[in-house]
Amino acid sequence: MSHSDSDLLRSKTVPRAEKATNLSPSPIGKIVRAASGVSAMAIAGQLILVATIPVLTRLYSPADFGIFTIYLSTVNILGAVAALRFEASLYGVKDTGQTYITVKLILLAVAVTSVLTLAAGGALLSIAPGEVAYLVWLVPIGMGGAALVETMNCWSLRAGLLRDFALGRLILPATMAFLQLAFGFAHLGGEAMVYAHILSQFVFLAFLGSRILTWEDVRGIVQAPWRSVFNKARREYKFPLFDIPATLGSYAINNLPAIMVGSLFGAAFAGYLGVAARLITGPIVLIATPLSNVFVAEANKNSNRGHMLGIAWGLLILAACLTSLPILALGLAAPYLVVPLLGPAWMPTAQIMTALAFMGAVQALSTPLSEVPALLRRQEVRLVVDAARIALVFGPLLAGARAGWEPLNVIYLMAAGGTVGFALKTAASLYLLKADVELAPALLPQAHAPSQGKTQ
């Protein structure tokens, strides 16, 4: 691998002075090599996770999976906004001192939101069903852990430490899978699936923190002035104001259907949907998400819009060939694969996988460009797009349930709306990149002016 290629995967041990500051547009081959480093670890982690499913479905009941899916969906939604979306502002930070201030702001936000969630959970404990009452105390821990995991990921990408980031992509799912298997064989009950998830977060944070943080970084975060922290919060008001509603909508689309299906049709059906979604979104996690990570890393090195637009089109081609087509094939083959792998009791999972395949294929196309609004500080556009996506997903789901349709028909209708929504999201990201390319000469003093000029 050449020096320019390996630059995208360099570790923290490489001096910063060696990093390129103004890269030329990357050929698609370079993008493939950069993404392959992240993908290799993500593939290994997800393969471990998927490989354990046939065993886990025999150690835990569909109801156990349903409760875990409800927990995980809740944590994914709340964890995405536990830091008030300030973690995404790390992408545009170049100065080390500002990085410490931003991280201290994130830690403050996570502490406050976790305590508020715990208090809200305590107030709702009396009305929570007995089978999920213990989740009231575990959700705040899981959401705080999820926010810190995302913060560490953003730090890694901001610094260009894709090698360490990639190792984390292996550690987190592999640890959870191992712990769920161990707890299952020990007959610790269905709630052990939740404990395994929380413990895997702590393992990830300990591993990645030891890789990318130094004692100098820790001191810098602790000593960051509180006045600067609050000033940072005021400057980056767009993240909590626009990004929180948009992120809640985006994560709700991916996670809330399982909760709603569970409430409408029972915990077992939520388990079917949870397993189906995990299998269908596997290629997205393995390939499309690493492509998004590469896009963020490239944009932080060279924010020229023409460069970013060229990379965006290359990533879309890769996502279509390497992710969308495999998802469609998996959805079509699901009826022939699920029963031999999971057992006859899981046949509804195969039918749901077929329903989700088209939505997953289009979601794979939107994923590489998912951070475009944050990178361009255009969170208001993301809010509008995600509001439309919410209507397209939950409108059909609620209408079908109200009309008394069968669960599978409701899920097909929801997936059709989701397909349109993800297509809209992809089109909006491309429009933002293209519009900025066209307007850059008129608005910026130099042809290659950095994106920070749009920062509030």
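Guide: A patch is made of residues with over 30% relative accessible area and no salt bridge, like charges being joined within 9 Å and nonpolar side chains (Val, Leu, Ile, Met, Phe, Trp, Tyr) within 5 Å. Accessible areas come from the Shrake-Rupley method with a 1.4 Å probe, and for residues only the protein chains shown count as cover. This is a predicted model, in which local features need pLDDT of at least 70, side-chain atom pairs count only at pLDDT 80 or more, and totals for chains, interfaces and linings use all residues. Residues are numbered from 1 along each chain as its sequence is written, and side-chain values use heavy atoms, with hydrogens and water left out.

Visitor: Which residues form a nonpolar patch on the surface here?

Guide: Trp215, Val218 and Val222 do, with about 360 Å² of accessible area together. Of these, Val218 lies in helix H8 (residues 215-223); helices are DSSP runs of H or I with at least four residues, numbered from the N terminus. Val218 has a relative accessible area of 34%, and therefore counts as partly exposed, the class between buried (under 20%) and exposed (over 50%), with a 1.4 Å probe and protein chains only.

Visitor: Which residues are linked in a network of salt bridges?

Guide: Arg382, Asp386 and Arg389 are. Asp386 meets Arg382 at 3.3 Å, N to O, and Arg389 at 2.5 Å. Arg382 and Asp386 are separated by about one helical turn because they are four residues apart in helix H16. Arg382 and Asp386 are both buried, and so is Arg389.

Visitor: What of the cavities?

Guide: Rolling a probe the size of a water molecule over the atoms shows where empty space is left. A cavity is a set of points, on a 1 Å grid over the protein atoms alone, where a 1.4 Å probe fits but cannot get out; lining residues have an atom within 4 Å of a point. Grid points are joined across faces, edges and corners, and a volume is the space filled by probe spheres set on the points. The search finds three cavities of 30 Å³ or more.

Terms used:
1 Å grid on protein atoms, 1.4 Å probe; cavity = no way out; pocket = protein on both sides within 12 Å on 5 of 7 lines; lining within 4 Å. Salt bridge = Lys/Arg side-chain N within 4 Å of Asp/Glu carboxyl O. Helix = DSSP H or I, 4+ residues; strand = E, 2+ residues; numbered from the N terminus.
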